[in-house]
Amino acid sequence: MLTTRVIPCLDVEDGRVVKGTQFKQIRDAGDPAELAALYNSQGADEVIFLDIGATYRSRKTMVDVVEKVSRLVFIPLTVGGGIRSIEDMRTLLNAGADKVSVCSAALNDPSLLSKGAEIFGSQCIVLSVDAKRTGKSWNCYVKGGREDTGVDAIDWAMRGERLGAGEILLNSIDKDGTQSGYDLELTRIVSEKLTIPVIASGGAGTLDQVVDAVRIGKADAVLMASLLHYRTYSVGEIKQYLREKGVRVR
Amino acid sequence: MIGIVDYGAGNLHSVQKALGFLGKESAVMQNPSDLKGISKIVLPGVGSFGHAMAEIHKKKWFDPIKKWLAAGRPFLGICLGMQILFEGSSESPGVRGFSVMKGSCRKFTGNKVPQIGWNDITIKRDVPLLGGVESGDYFYFVERYYVISEKKNVILAETGYGSFYPSIVGQGRIFGVQFHPEKSGDRGLRLLKNWEERC
(Lines give C-alpha, C1' and ligand atoms only; values in the text may rest on other atoms or scores of the structure.)
Protein backbone atom coordinates (compact mmCIF):
# COMPACT_ATOMS: atom_id res chain seq x y z
CA MET A 1 0.00 0.00 0.00
CA LEU A 2 1.02 3.57 -0.67
CA THR A 3 2.53 5.24 2.38
CA THR A 4 2.28 8.78 3.71
CA ARG A 5 5.43 10.71 2.88
CA VAL A 6 7.41 12.63 5.44
CA ILE A 7 9.31 15.43 3.72
CA PRO A 8 11.92 17.66 5.34
CA CYS A 9 12.13 21.15 3.90
CA LEU A 10 15.44 22.96 3.92
CA ASP A 11 15.73 26.71 3.46
CA VAL A 12 18.81 27.49 1.43
CA GLU A 13 20.47 30.83 0.78
CA ASP A 14 23.61 31.22 -1.33
CA GLY A 15 24.12 27.48 -1.18
CA ARG A 16 23.92 27.21 2.60
CA VAL A 17 21.15 25.87 4.79
CA VAL A 18 20.04 28.79 6.90
CA LYS A 19 17.74 27.07 9.38
CA GLY A 20 18.28 23.88 11.27
CA THR A 21 21.99 24.04 11.59
CA GLN A 22 22.02 22.62 15.10
CA PHE A 23 23.03 19.09 14.26
CA LYS A 24 25.90 17.66 16.20
CA GLN A 25 26.11 14.38 14.32
CA ILE A 26 27.32 15.89 11.08
CA ARG A 27 30.39 17.87 10.24
CA ASP A 28 28.89 20.78 8.37
CA ALA A 29 25.21 21.27 9.13
CA GLY A 30 25.06 24.24 6.80
CA ASP A 31 25.86 22.02 3.84
CA PRO A 32 22.64 21.05 2.04
CA ALA A 33 24.19 17.80 0.81
CA GLU A 34 25.17 16.68 4.31
CA LEU A 35 21.75 17.51 5.73
CA ALA A 36 19.97 15.79 2.87
CA ALA A 37 22.12 12.72 3.43
CA LEU A 38 21.33 12.78 7.15
CA TYR A 39 17.58 13.00 6.52
CA ASN A 40 17.87 10.25 3.94
CA SER A 41 19.57 8.00 6.50
CA GLN A 42 16.76 8.77 8.95
CA GLY A 43 14.18 7.60 6.42
CA ALA A 44 13.00 10.83 4.78
CA ASP A 45 10.81 10.04 1.77
CA GLU A 46 11.85 13.11 -0.19
CA VAL A 47 13.70 16.33 0.41
CA ILE A 48 12.63 19.83 -0.58
CA PHE A 49 15.12 22.65 -1.01
CA LEU A 50 13.68 26.12 -0.90
CA ASP A 51 15.89 28.89 -2.20
CA ILE A 52 15.02 31.84 0.01
CA GLY A 53 17.83 33.97 -1.38
CA ALA A 54 15.84 35.13 -4.39
CA THR A 55 18.92 36.74 -5.89
CA TYR A 56 20.53 35.71 -9.14
CA ARG A 57 23.63 34.51 -7.32
CA SER A 58 21.67 32.47 -4.79
CA ARG A 59 19.68 30.80 -7.56
CA LYS A 60 22.80 29.99 -9.49
CA THR A 61 24.38 28.42 -6.44
CA MET A 62 21.26 26.30 -5.97
CA VAL A 63 22.00 24.61 -9.29
CA ASP A 64 25.36 23.49 -7.93
CA VAL A 65 23.71 22.29 -4.72
CA VAL A 66 21.22 20.20 -6.69
CA GLU A 67 23.98 18.80 -8.87
CA LYS A 68 25.94 17.71 -5.78
CA VAL A 69 23.03 16.32 -3.76
CA SER A 70 21.70 14.28 -6.67
CA ARG A 71 25.00 12.41 -6.88
CA LEU A 72 24.85 11.41 -3.23
CA VAL A 73 21.24 11.04 -2.21
CA PHE A 74 18.91 8.77 -4.17
CA ILE A 75 15.48 9.87 -3.07
CA PRO A 76 13.28 12.43 -4.83
CA LEU A 77 14.48 15.98 -4.68
CA THR A 78 12.21 19.00 -5.13
CA VAL A 79 13.50 22.52 -5.59
CA GLY A 80 11.49 25.69 -5.14
CA GLY A 81 11.94 29.40 -4.67
CA GLY A 82 12.36 31.97 -7.39
CA ILE A 83 11.51 29.71 -10.34
CA ARG A 84 10.10 32.03 -12.98
CA SER A 85 10.40 30.35 -16.35
CA ILE A 86 10.58 27.12 -18.30
CA GLU A 87 14.32 27.76 -18.59
CA ASP A 88 14.65 27.92 -14.78
CA MET A 89 12.80 24.61 -14.56
CA ARG A 90 14.97 23.02 -17.21
CA THR A 91 18.19 24.14 -15.54
CA LEU A 92 17.20 22.65 -12.18
CA LEU A 93 15.77 19.43 -13.61
CA ASN A 94 18.89 18.92 -15.72
CA ALA A 95 21.02 19.52 -12.63
CA GLY A 96 19.26 16.63 -10.91
CA ALA A 97 16.03 17.92 -9.36
CA ASP A 98 13.12 15.52 -9.79
CA LYS A 99 10.48 18.17 -9.31
CA VAL A 100 10.28 21.93 -9.31
CA SER A 101 7.90 23.89 -7.17
CA VAL A 102 6.42 27.12 -8.48
CA CYS A 103 4.39 29.67 -6.53
CA SER A 104 4.11 33.33 -7.50
CA ALA A 105 5.36 32.90 -11.05
CA ALA A 106 2.44 30.54 -11.75
CA LEU A 107 -0.02 33.10 -10.37
CA ASN A 108 1.44 35.69 -12.70
CA ASP A 109 1.46 33.32 -15.63
CA PRO A 110 -0.65 30.17 -15.18
CA SER A 111 0.56 28.83 -18.55
CA LEU A 112 3.86 28.09 -16.81
CA LEU A 113 2.11 25.07 -15.26
CA SER A 114 0.67 23.76 -18.51
CA LYS A 115 3.86 24.38 -20.49
CA GLY A 116 6.00 22.85 -17.76
CA ALA A 117 3.77 19.79 -17.59
CA GLU A 118 3.77 19.42 -21.36
CA ILE A 119 7.54 19.64 -21.66
CA PHE A 120 8.72 17.83 -18.53
CA GLY A 121 5.66 15.82 -17.49
CA SER A 122 3.24 16.82 -14.76
CA GLN A 123 5.08 14.63 -12.24
CA CYS A 124 7.83 17.28 -12.29
CA ILE A 125 5.55 20.22 -11.56
CA VAL A 126 4.58 21.03 -7.99
CA LEU A 127 2.24 23.96 -7.47
CA SER A 128 3.03 25.69 -4.22
CA VAL A 129 0.06 27.51 -2.75
CA ASP A 130 0.66 29.94 0.11
CA ALA A 131 -2.78 30.31 1.64
CA LYS A 132 -4.01 32.70 4.31
CA ARG A 133 -7.45 32.71 5.83
CA THR A 134 -9.57 35.68 4.83
CA GLY A 135 -12.94 35.46 6.54
CA LYS A 136 -14.54 32.15 5.56
CA SER A 137 -12.11 31.31 2.78
CA TRP A 138 -8.40 31.45 2.00
CA ASN A 139 -6.49 33.69 -0.36
CA CYS A 140 -3.22 33.08 -2.18
CA TYR A 141 -0.39 35.19 -0.86
CA VAL A 142 2.94 35.94 -2.48
CA LYS A 143 6.21 37.56 -1.45
CA GLY A 144 6.72 35.33 1.53
CA GLY A 145 3.16 35.75 2.72
CA ARG A 146 3.20 39.53 2.72
CA GLU A 147 1.06 40.29 -0.32
CA ASP A 148 -2.56 39.24 -0.82
CA THR A 149 -3.29 38.42 -4.46
CA GLY A 150 -7.04 38.27 -3.89
CA VAL A 151 -7.09 34.87 -5.62
CA ASP A 152 -9.07 32.16 -3.81
CA ALA A 153 -6.58 29.48 -2.76
CA ILE A 154 -8.89 26.50 -3.23
CA ASP A 155 -10.01 27.65 -6.68
CA TRP A 156 -6.38 28.22 -7.62
CA ALA A 157 -5.33 24.74 -6.46
CA MET A 158 -8.14 23.21 -8.52
CA ARG A 159 -7.15 25.27 -11.53
CA GLY A 160 -3.53 24.25 -10.99
CA GLU A 161 -4.53 20.60 -11.20
CA ARG A 162 -6.40 21.20 -14.45
CA LEU A 163 -3.42 23.07 -15.88
CA GLY A 164 -1.10 20.13 -15.22
CA ALA A 165 0.39 20.37 -11.73
CA GLY A 166 1.27 16.90 -10.45
CA GLU A 167 1.09 17.80 -6.76
CA ILE A 168 0.04 20.66 -4.52
CA LEU A 169 2.34 21.94 -1.81
CA LEU A 170 -0.19 23.62 0.46
CA ASN A 171 1.36 26.02 2.89
CA SER A 172 -0.68 27.79 5.54
CA ILE A 173 0.65 31.30 6.07
CA ASP A 174 -1.38 31.57 9.28
CA LYS A 175 0.24 28.47 10.72
CA ASP A 176 3.73 28.75 9.28
CA GLY A 177 6.31 29.02 12.03
CA THR A 178 3.72 28.90 14.84
CA GLN A 179 4.17 25.18 15.66
CA SER A 180 0.45 25.20 16.51
CA GLY A 181 -0.52 22.49 14.02
CA TYR A 182 -1.37 22.33 10.33
CA ASP A 183 -4.44 24.12 8.98
CA LEU A 184 -6.55 20.97 8.97
CA GLU A 185 -9.67 22.48 7.46
CA LEU A 186 -7.82 23.98 4.52
CA THR A 187 -5.79 20.82 3.95
CA ARG A 188 -8.86 18.61 4.02
CA ILE A 189 -10.87 20.75 1.63
CA VAL A 190 -8.05 20.90 -0.92
CA SER A 191 -7.21 17.21 -0.56
CA GLU A 192 -10.82 16.16 -1.05
CA LYS A 193 -11.47 18.48 -3.99
CA LEU A 194 -8.37 17.42 -5.91
CA THR A 195 -7.32 14.09 -7.35
CA ILE A 196 -3.59 14.91 -7.23
CA PRO A 197 -1.63 14.47 -3.98
CA VAL A 198 -1.53 17.28 -1.43
CA ILE A 199 1.50 17.99 0.73
CA ALA A 200 0.52 19.72 3.98
CA SER A 201 2.88 22.42 5.14
CA GLY A 202 3.11 24.99 7.87
CA GLY A 203 2.58 24.62 11.58
CA ALA A 204 3.95 21.24 12.63
CA GLY A 205 4.92 21.49 16.29
CA THR A 206 3.97 18.16 17.83
CA LEU A 207 3.74 14.57 16.67
CA ASP A 208 -0.01 14.47 17.18
CA GLN A 209 -0.39 17.43 14.86
CA VAL A 210 1.40 15.46 12.17
CA VAL A 211 -0.99 12.55 12.72
CA ASP A 212 -3.94 14.97 12.50
CA ALA A 213 -2.71 16.33 9.17
CA VAL A 214 -3.02 12.83 7.73
CA ARG A 215 -6.09 11.62 9.62
CA ILE A 216 -8.21 14.76 9.69
CA GLY A 217 -6.53 16.85 6.99
CA LYS A 218 -6.32 13.88 4.57
CA ALA A 219 -2.83 15.00 3.54
CA ASP A 220 -0.92 12.64 1.25
CA ALA A 221 2.39 13.92 2.54
CA VAL A 222 3.56 16.10 5.39
CA LEU A 223 6.25 18.69 5.09
CA MET A 224 8.17 19.86 8.10
CA ALA A 225 10.94 22.26 8.90
CA SER A 226 11.22 23.49 12.50
CA LEU A 227 10.14 20.18 13.99
CA LEU A 228 13.24 18.60 12.47
CA HIS A 229 15.68 21.45 12.29
CA TYR A 230 15.66 22.22 15.97
CA ARG A 231 16.21 18.55 16.67
CA THR A 232 12.89 18.16 18.39
CA TYR A 233 12.49 14.87 16.56
CA SER A 234 14.27 12.88 13.91
CA VAL A 235 12.46 11.73 10.77
CA GLY A 236 12.69 8.21 12.19
CA GLU A 237 10.96 9.20 15.42
CA ILE A 238 8.20 11.00 13.55
CA LYS A 239 7.61 7.97 11.36
CA GLN A 240 7.65 5.61 14.30
CA TYR A 241 4.95 7.70 15.99
CA LEU A 242 2.85 7.79 12.82
CA ARG A 243 3.21 4.02 12.57
CA GLU A 244 2.05 3.56 16.17
CA LYS A 245 -1.00 5.68 15.40
CA GLY A 246 -1.88 3.50 12.44
CA VAL A 247 -0.64 5.79 9.65
CA ARG A 248 1.16 3.80 6.97
CA VAL A 249 4.73 4.99 6.51
CA ARG A 250 7.78 3.48 4.89
CA MET B 1 28.86 -0.68 -20.99
CA ILE B 2 25.29 0.34 -20.14
CA GLY B 3 23.51 2.54 -22.65
CA ILE B 4 20.70 4.83 -21.52
CA VAL B 5 18.29 5.66 -24.34
CA ASP B 6 17.70 9.37 -24.82
CA TYR B 7 14.49 9.93 -26.74
CA GLY B 8 13.63 13.23 -25.10
CA ALA B 9 12.00 11.76 -22.00
CA GLY B 10 14.27 13.66 -19.64
CA ASN B 11 15.42 12.47 -16.26
CA LEU B 12 18.15 10.30 -17.81
CA HIS B 13 20.76 11.77 -15.58
CA SER B 14 19.32 10.44 -12.34
CA VAL B 15 19.67 6.90 -13.66
CA GLN B 16 23.20 7.65 -14.77
CA LYS B 17 24.06 9.19 -11.40
CA ALA B 18 22.72 6.19 -9.49
CA LEU B 19 24.73 3.83 -11.71
CA GLY B 20 27.76 6.08 -11.27
CA PHE B 21 27.34 5.96 -7.48
CA LEU B 22 27.47 2.15 -7.79
CA GLY B 23 30.67 2.43 -9.83
CA LYS B 24 28.92 1.35 -13.04
CA GLU B 25 29.81 3.17 -16.19
CA SER B 26 27.01 4.21 -18.51
CA ALA B 27 26.50 6.35 -21.57
CA VAL B 28 23.51 8.40 -22.61
CA MET B 29 22.73 7.42 -26.20
CA GLN B 30 21.43 10.26 -28.39
CA ASN B 31 20.83 8.07 -31.42
CA PRO B 32 20.98 4.41 -32.43
CA SER B 33 24.55 4.66 -33.77
CA ASP B 34 25.60 5.07 -30.11
CA LEU B 35 24.61 1.44 -29.52
CA LYS B 36 28.10 0.38 -30.58
CA GLY B 37 29.85 -1.23 -27.64
CA ILE B 38 26.69 -1.27 -25.51
CA SER B 39 25.85 -4.55 -23.79
CA LYS B 40 22.86 -3.47 -21.68
CA ILE B 41 20.10 -0.97 -22.33
CA VAL B 42 18.17 1.16 -19.86
CA LEU B 43 14.99 2.75 -21.19
CA PRO B 44 13.72 5.40 -18.79
CA GLY B 45 10.45 7.14 -19.37
CA VAL B 46 8.12 9.83 -18.21
CA GLY B 47 5.13 11.45 -19.87
CA SER B 48 2.47 9.74 -21.91
CA PHE B 49 2.58 6.38 -23.70
CA GLY B 50 1.71 7.96 -27.04
CA HIS B 51 4.22 10.77 -26.75
CA ALA B 52 7.01 8.36 -25.80
CA MET B 53 6.31 6.03 -28.72
CA ALA B 54 6.08 8.97 -31.12
CA GLU B 55 9.48 10.23 -29.97
CA ILE B 56 10.97 6.75 -30.18
CA HIS B 57 9.78 6.46 -33.78
CA LYS B 58 10.82 10.02 -34.65
CA LYS B 59 14.33 9.50 -33.32
CA LYS B 60 14.60 6.16 -35.17
CA TRP B 61 14.87 4.16 -31.97
CA PHE B 62 11.98 1.80 -32.62
CA ASP B 63 13.61 -0.72 -34.95
CA PRO B 64 16.94 -1.06 -33.11
CA ILE B 65 15.21 -1.50 -29.74
CA LYS B 66 12.68 -3.93 -31.17
CA LYS B 67 15.55 -5.94 -32.65
CA TRP B 68 17.44 -5.82 -29.32
CA LEU B 69 14.38 -7.10 -27.48
CA ALA B 70 13.69 -9.80 -30.08
CA ALA B 71 17.24 -11.06 -29.58
CA GLY B 72 16.56 -11.21 -25.83
CA ARG B 73 19.48 -8.96 -24.97
CA PRO B 74 19.79 -7.35 -21.49
CA PHE B 75 17.24 -4.60 -21.05
CA LEU B 76 15.70 -2.60 -18.22
CA GLY B 77 12.64 -0.42 -18.76
CA ILE B 78 11.86 2.05 -15.99
CA CYS B 79 8.36 3.43 -15.27
CA LEU B 80 6.88 4.28 -18.69
CA GLY B 81 9.87 2.36 -20.07
CA MET B 82 8.28 -0.75 -18.57
CA GLN B 83 4.78 0.06 -19.82
CA ILE B 84 5.90 0.40 -23.44
CA LEU B 85 7.19 -3.19 -23.34
CA PHE B 86 3.49 -4.08 -23.52
CA GLU B 87 1.08 -3.74 -26.40
CA GLY B 88 -0.76 -0.52 -25.70
CA SER B 89 -2.42 1.81 -23.21
CA SER B 90 -5.83 3.37 -22.75
CA GLU B 91 -3.83 6.59 -22.34
CA SER B 92 -3.06 6.61 -26.06
CA PRO B 93 -5.55 4.41 -27.93
CA GLY B 94 -4.23 2.96 -31.18
CA VAL B 95 -0.55 3.48 -30.30
CA ARG B 96 1.40 0.25 -30.19
CA GLY B 97 4.19 -0.41 -27.74
CA PHE B 98 7.08 -2.83 -28.31
CA SER B 99 4.65 -5.68 -27.61
CA VAL B 100 7.27 -8.08 -26.25
CA MET B 101 4.89 -8.77 -23.37
CA LYS B 102 1.18 -9.35 -23.77
CA GLY B 103 -1.11 -6.88 -22.08
CA SER B 104 -1.88 -3.20 -21.87
CA CYS B 105 -2.10 -0.26 -19.49
CA ARG B 106 -5.11 1.23 -17.77
CA LYS B 107 -5.66 4.30 -15.59
CA PHE B 108 -5.91 3.99 -11.81
CA THR B 109 -9.36 4.59 -10.40
CA GLY B 110 -10.66 5.22 -6.90
CA ASN B 111 -7.44 6.71 -5.55
CA LYS B 112 -5.37 9.84 -5.94
CA VAL B 113 -3.96 9.99 -9.47
CA PRO B 114 -1.04 10.08 -10.07
CA GLN B 115 0.11 7.65 -7.46
CA ILE B 116 3.12 9.45 -6.00
CA GLY B 117 5.20 8.02 -3.22
CA TRP B 118 6.64 4.90 -1.63
CA ASN B 119 4.73 1.66 -2.01
CA ASP B 120 5.77 -1.89 -1.20
CA ILE B 121 6.19 -4.90 -3.44
CA THR B 122 5.14 -8.52 -3.06
CA ILE B 123 7.60 -10.81 -4.79
CA LYS B 124 6.02 -13.46 -7.01
CA ARG B 125 9.15 -15.13 -8.35
CA ASP B 126 12.63 -15.29 -6.89
CA VAL B 127 15.06 -14.13 -9.53
CA PRO B 128 18.65 -12.80 -9.36
CA LEU B 129 17.34 -9.26 -10.02
CA LEU B 130 15.70 -9.38 -6.59
CA GLY B 131 18.64 -10.74 -4.61
CA GLY B 132 18.64 -9.01 -1.21
CA VAL B 133 15.23 -7.47 -1.93
CA GLU B 134 12.24 -8.75 0.01
CA SER B 135 8.48 -8.60 -0.11
CA GLY B 136 7.46 -5.54 1.90
CA ASP B 137 10.40 -3.46 0.68
CA TYR B 138 9.44 0.01 -0.48
CA PHE B 139 10.14 1.73 -3.78
CA TYR B 140 9.28 5.18 -5.14
CA PHE B 141 6.41 5.22 -7.64
CA VAL B 142 5.02 7.96 -9.87
CA GLU B 143 2.37 6.93 -12.37
CA ARG B 144 -1.18 7.35 -13.60
CA TYR B 145 -1.46 4.09 -15.49
CA TYR B 146 -0.73 0.50 -14.52
CA VAL B 147 -0.03 -2.63 -16.52
CA ILE B 148 -2.46 -5.48 -16.94
CA SER B 149 -0.38 -8.46 -18.00
CA GLU B 150 -2.07 -11.28 -19.88
CA LYS B 151 0.59 -13.72 -18.78
CA LYS B 152 1.15 -14.35 -15.10
CA ASN B 153 4.62 -15.82 -15.60
CA VAL B 154 6.21 -12.46 -16.52
CA ILE B 155 5.10 -10.91 -13.21
CA LEU B 156 8.04 -10.90 -10.80
CA ALA B 157 6.45 -8.62 -8.20
CA GLU B 158 3.14 -6.91 -7.57
CA THR B 159 2.09 -3.75 -5.79
CA GLY B 160 -1.28 -2.71 -4.42
CA TYR B 161 -2.92 0.60 -5.26
CA GLY B 162 -6.64 0.03 -5.33
CA SER B 163 -5.96 -3.43 -6.71
CA PHE B 164 -2.74 -5.37 -7.23
CA TYR B 165 -0.81 -4.77 -10.44
CA PRO B 166 2.61 -5.83 -11.80
CA SER B 167 5.39 -3.61 -10.47
CA ILE B 168 8.29 -5.72 -11.76
CA VAL B 169 8.11 -7.83 -14.92
CA GLY B 170 10.70 -10.04 -16.51
CA GLN B 171 11.05 -12.34 -19.49
CA GLY B 172 14.49 -13.81 -20.01
CA ARG B 173 16.91 -10.92 -19.79
CA ILE B 174 14.27 -8.28 -20.44
CA PHE B 175 13.03 -6.53 -17.31
CA GLY B 176 10.70 -3.70 -16.47
CA VAL B 177 10.12 -1.88 -13.20
CA GLN B 178 7.15 0.42 -12.66
CA PHE B 179 8.89 2.37 -9.87
CA HIS B 180 12.05 4.47 -10.01
CA PRO B 181 14.95 2.40 -8.65
CA GLU B 182 17.22 5.42 -9.10
CA LYS B 183 15.06 7.31 -6.59
CA SER B 184 14.29 4.45 -4.20
CA GLY B 185 17.17 4.77 -1.79
CA ASP B 186 19.19 1.70 -0.81
CA ARG B 187 16.67 -0.86 -2.09
CA GLY B 188 16.59 0.79 -5.49
CA LEU B 189 20.37 0.92 -5.70
CA ARG B 190 20.52 -2.75 -4.76
CA LEU B 191 18.13 -3.63 -7.56
CA LEU B 192 20.18 -1.63 -10.10
CA LYS B 193 23.35 -3.33 -8.88
CA ASN B 194 21.74 -6.76 -9.21
CA TRP B 195 20.59 -5.93 -12.71
CA GLU B 196 24.01 -4.77 -13.82
CA GLU B 197 25.88 -7.68 -12.24
CA ARG B 198 23.52 -10.62 -12.41
CA CYS B 199 20.98 -10.13 -15.18
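Residues are numbered from 1 along each chain as its sequence is written, and chains are lettered from A, with ligands numbered from 1, in the order in which they are written. Because the model is predicted, local features need pLDDT of at least 70 and side-chain atom pairs count only at pLDDT 80 or more, whereas totals for chains, interfaces and linings use all residues.

**Stop 1: chain A as a whole**

The chain contains 10 helices and 11 strands; helices (H or I, at least four residues) and strands (E, at least two) are DSSP runs, numbered from the N terminus. The radius of gyration of chain A is 17 Å, close to the 18 Å that the globule rule gives for 250 residues, so the chain is as compact as a globular protein of that length. The radius is taken over C-alpha atoms, and the rule is 2.2 Å times the number of residues to the power 0.38. Along its principal axes the C-alpha trace spans about 45 × 40 × 35 Å.

Of the 250 residues of chain A, 53% count as buried. A residue is buried if 20 or more other C-beta atoms lie within 10 Å of its own, exposed if 12 or fewer, and partly exposed in between, with C-beta atoms placed from the backbone. Among the contacts in chain A with a separation of 6 or more, 64% come from residues 24 or more positions apart. Two residues are in contact if their C-beta atoms, placed from the backbone, lie within 7 Å.

**Stop 2: two helix pairs in chain A**

Select residues 207-215 and 235-244 of chain A, which are helices α8(A) and α10(A). They pack at an angle of about 60°, with their axes 10 Å apart. Axes are lines fitted to C-alpha atoms, for helices over the stretch in contact, and angles run from 0 to 180 degrees between N-to-C directions. The two helices are therefore oblique to each other: angles under 35 degrees count as roughly parallel, over 145 as roughly antiparallel, 65 to 115 as roughly perpendicular and the rest as oblique. The crossing of α8(A) and α10(A) is right-handed, a term for a near helix turned clockwise from the far one by less than a right angle, left-handed being anticlockwise.

Show side chains here. A:Leu207, A:Val210 and A:Val211 in α8(A) meet A:Ile238, A:Tyr241 and A:Leu242 in α10(A). The residues of this contact divide into 6 nonpolar, no polar and no charged. Ala, Val, Leu, Ile, Met, Phe, Trp, Tyr, Cys and Pro count as nonpolar, Asp, Glu, Lys and Arg as charged, and the others, Gly among them, as polar.

Next, select α6(A), residues 153-163, and α7(A), residues 184-193. The axes of α6(A) and α7(A) come within 10 Å and cross at roughly 30°. That makes α6(A) roughly parallel to α7(A). Their crossing is right-handed. A:Ile154, A:Ala157 and A:Met158 of α6(A) make the contact with A:Ile189, A:Val190 and A:Lys193 of α7(A), a set of 5 nonpolar, no polar and 1 charged.

**Stop 3: two loop residues in chain A**

Select A:Asp14, in the loop between β1 (5-13) and β2 (16-17). Its phi is near 50°, a positive value in a residue other than glycine. A:Asp14 is partly exposed, with 16 other C-beta atoms within 10 Å.

Move to A:Gln179, in the loop between β9 (167-172) and α7(A). Phi of A:Gln179 is also positive, near 55°. A:Gln179 is partly exposed, with 15 other C-beta atoms within 10 Å.

**Stop 4: where the chains meet**

Display both chains. Here 26 residues of chain A are in contact with 27 residues of chain B. On the chain A side, α2 (56-72) and α3 (86-95) each supply at least two residues. That side divides into 10 nonpolar, 9 polar and 7 charged residues.

Now select B:Lys17, in helix α1 (residues 12-21) of chain B. Which residues does B:Lys17 touch, not counting residues up to four places away in sequence? They are A:Ser70, A:Arg71 and A:Gly96. B:Lys17 is partly exposed, with 19 other C-beta atoms within 10 Å.

**Stop 5: within chain B**

Select helix α2(B), residues 49-58, whose buried residues are B:Phe49, B:His51, B:Ala52, B:Met53 and B:Ile56. Their cover includes α3 (62-70), α4 (80-83), β5 (88-89) and β6 (103-107) of chain B. After α2(B) comes B:Lys60, with a positive phi near 60°.

Finish at B:Pro114, in the loop between β6 and β7 (115-120) of chain B. A cis peptide bond, with omega about 5°, joins B:Val113 and B:Pro114.
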